[in-house]
Amino acid sequence: MVVVGAGMAGVQTAVALREQGFTGTVTLIGAEPHQPYDRPPLSKAVLLGTAEGSAFDVDFEALGITLRLGCEALGVRPGAHALDTSAGPVPYDALVLATGAEPIRLPGTEGVPGVHLLRTLDDARRLRPVLARQHDIVVVGAGWIGAEFTTAALEAGCAVTVVEAAGRPLAGALPAEVAAPMSAWYADAGAVLRTHARVERVEPAAPGGPGHVVLDDGSRLPAGAVVVGIGARPATAWLAGSGIDLGAHGDVLADDRLRTSVPGVHAVGDCASFPSGRYGQRLMVHHWDNALQGPRTVAADIVGARADEAPGAYDPVPYFWSEQFGRFVQYAGHHTASDTTLWRGDPSGPAWTVCWLREDRLVALLAVGRPRDLAQGRRLIQAGATMNPRLLADPARPLKAATA
């Protein structure tokens, strides 16, 4: 077994193979030189200097998992059962693709000093002294990572301006009426949010003065540093010519057991999409929980295939969380399949929930400061429960007591 990618999805796949009884060799290949690590702490503890790293608590040696770090995947030759890497070809009997996603760069900023991404441990370590110097910082993109970084930068004492091309935060993730209340969070925390604003260019700092971000309306924002958080795409360009089918967004097209179009090759985590029977469409989920759950299906399919046991289809209720501006935001499900939106609580307050229904069945919810709603709602979505909309809209009533 060869697993490509040493993030959450790759590490959990290697561990799950052992837990489910795989006794052959397992090799885990990672492009970065660091011991495999978890990503969520990067935008919090690592960035603020309260932790040096976030290495997984896994004893790879005891599990008989061979690590090959600082080794970049360059291509796959399925006919030869070979993975080409920067350290030479690696033969495999079965291969798991877990290369994750890579951040989208702001056009025209490649190599410009003072422009940062936040995806890797090295990114977080480069940004740590920037925050310590309490620079004026411009964040490009008011998505999840932009909000989390802004929260950390404010905590470090920086002045932060967030530039968003759309008219509201999280425009690509949430409907307008749900994301709109979140705009106030920025000002309340002390950040400036500029919407309908596009970056024309970044002028690097001159000796003795700050750099600037120039917007399309001519505005010039002082910037000791620029942090770009405008999205991510599957890290799959290296698969060109492999015969492994990719989707329109570069995602590996996996089936409901996370098998690719090439026999003996699976794909899991941020680099892959999968068909959801629950939602009737293909999902590409770039979140931690998907990278945690998917490996169990991959391992079961590999081990079960050898034992003639068919595992169940992979069809999780997507889940993620974000800590921003003193709020704990959680989301479960997939709201685009809904026909009704219901609110529980006042969105101008500190705690509220949005529920999405389809034919009175709960299909998704967003909970701000209401973790019990999230925990109960996630189970109700999994069960396909039918809800009573009148009872559901009462924030004092537990979600589990609002079924029809």
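Colleague: What makes the contact between Arg 201 and Glu 200 a salt bridge?

Modeller: A salt bridge needs a side-chain nitrogen of Lys or Arg within 4 Å of a carboxyl oxygen of Asp or Glu. The N to O distance for Arg 201 and Glu 200 is 3.0 Å, so the pair meets that definition. Both residues also belong to a network of salt bridges with Glu 203 and Arg 220.

Modeller: Please keep in mind that this is a predicted model, where local features need pLDDT of at least 70, side-chain atom pairs count only at pLDDT 80 or more, and totals for chains, interfaces and linings use all residues. Residues are numbered from 1 along each chain as its sequence is written, and side-chain values use heavy atoms, leaving out hydrogens and water.

Colleague: Why is Asp 289 called buried?

Modeller: Buried means under 20% relative accessible area, exposed over 50%, and partly exposed in between, using a 1.4 Å probe and protein chains only. Asp 289 has 8% relative accessibility, so it counts as buried. Its salt-bridge partner is Arg 378, with the closest N and O atoms 2.9 Å apart. Arg 378, at 25%, is therefore partly exposed.
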